[in-house]
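Me: I would like to go through the terms used for this model one at a time, setting each value against its definition.

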Amino acid sequence: MTTKTVSALIQSITARLNAVDIEDAGIDARLLLRSAFGWSAAEQLGFLLDPAPVDKLDQLEEMVARRESREPLQYITGRTEFFRRQFSVNKNVLIPRPETEQLVVQAMAFIRERKIENPRMADICTGSGAIGITLALEMPAAEVHATDISSGALTVAQQNADDLGAELDMYEGDLLEPLSGEFDVIVSNPPYILANAMPSLQAEVAREPSLALDGGNDGLDVIRPLFEGISARLKPTNSAAYIEIDPPIEDAVMALALETFPHAGISLLTDLAGLTRCVSIEHA
Ligand SMILES: C[S@@+](CC[C@H](N)C(=O)[O-])C[C@H]1O[C@@H](n2cnc3c(N)ncnc32)[C@H](O)[C@@H]1O
């Protein structure tokens with residue numbers, strides 16, 4: 001890179017990212033530059049007309065090349081935001097999505113409405129820990145447990161818990177198997193993408209772990225045993241489970257939920273875009 005000013009550098013990176021069809025190329029260019037130079041948004045603005053710091057250009061070039069190869073921006077900067085907090089992410093974890101914040105909102109609303117004072121809660125398939133850590137931080141009176149089958153994911157989740165000062169117990173293992181006792185609320189964002197949709201995922205999504213995405217031929221490979229585990233470990237009264245799903249599997253999930261939880265109220269909840277995003281299982 002031979003540009004002179006920060007502003008010209010941003011323009012040249014934007015052009016390179018546009019050339020490989022990256023949406024929001026200008027935003028990504030600014031975020032990559034800020035991350036490489038260690039600047040805040042305000043600092044970047046203040047330095048726009050100044051010469052770019054030469055000692056950081058190699059690092060910036062490496063980051064831009066990774067983004068040109070369609071690696072997700074968040075893996076390159078190592079950061080993403082969830083529920084107003086910064087979480088570390090790497091290739092071992094799914095990048096937490098804003099839609100998933102709804103699971104946290106649902107769980108908190110249920111605890112508040114039912115006036116459960118010291119709720120026992122579980123986040124199954126915790127990945128980066130985004131859901132479980134947020135629950136622990138938003139509800140300090142809650143006892144939160146989180147599981148994931150991937151040791152690489154749990155390393156990231158534990159680091160996030162330490163960085164954010166969250167107290168929760170994390171376990172490596174299959175779904176609810178590492179857990180004991182019953183829970184007031186169970187939340188999970190399991191892998192649920194249909195196997196036949198995996199080859200046509202957006203380039204960036206395809207770089208996320210298939211263990212976090214692939215739900216098998218009918219999208220229910222993980223959801224089926226997850227429902228079994230939840231039915232064994234959810235308190236029989238005054239309890240709830242919220243599981244993230246998406247529209248292609250909503251009918252199958254509804255049928256499975258009705259069969260697995262015959263005494264619960266089952267409903268499908270939509271996200272802010274109006275798409276089915278969650279199955280809610282609530283016991284009176
Ligand atoms: C869709 S990601 C969700 C990550 C995080 N909860 C979030 O919302 O960003 C699914 C996670 O489930 C984990 N996983 C897949 N199969 C599992 C299983 N049988 N038991 C526990 N975790 C599993 C993956 O390792 C991955 O971290």
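Me: What makes H11 and H12 a pair in contact, and which residues meet there?

Reply: In this predicted model, Ile223, Arg224, Phe227 and Ser231 of H11 meet Val253, Leu256, Ala257 and Thr260 of H12, where contact requires C-beta atoms, placed from the backbone, to lie within 7 Å. By class, this contact of H11 with H12 comprises 5 nonpolar, 2 polar and 1 charged residues.

Me: Why is H11 called roughly parallel to H12?

Reply: Helix H11, residues 223–233, packs against helix H12, residues 250–260, at an angle of about 30°, and their axes are 11 Å apart. Angles under 35 degrees count as roughly parallel, and therefore H11 is described as roughly parallel to H12. The crossing in which H11 passes H12 is right-handed.

Me: What makes a residue part of the shell around the ligand, and how many residues surround the ligand?

Reply: The criterion is a C-beta atom, placed from the backbone, within 6 Å of the molecule; 23 residues surround the ligand, and the closest are Cys125, Gly127, Ser150, Asn189 and Ala212. Helix H7 (130–138), strand E4 (143–148) and helix H10 (210–213) each contribute at least two residues to this shell. The shell residues divide into 14 nonpolar, 7 polar and 2 charged.

Me: How do you know which domains the chain has, and what separates their centres?

Reply: The domain assignment of the chain gives domain 1 as 6–69 and domain 2 as 80–283. Taken over C-alpha atoms, the centres of domain 1 and domain 2 are separated by 34 Å.

Note on methods
Residues numbered from 1 in each chain as written. Predicted model: local features only at pLDDT ≥ 70, side-chain atom pairs only at ≥ 80, totals over all residues. Helix = DSSP H or I, 4+ residues; strand = E, 2+ residues; numbered from the N terminus. Nonpolar A, V, L, I, M, F, W, Y, C, P; charged D, E, K, R; others polar. Domains from an automatic or database assignment. Axes fitted to C-alpha atoms, helices over the stretch in contact; angles between N-to-C directions. Parallel < 35°, antiparallel > 145°, perpendicular 65-115°, else oblique. Left-handed = near helix turned anticlockwise from the far one by under 90°. Contact = placed C-beta atoms within 7 Å.
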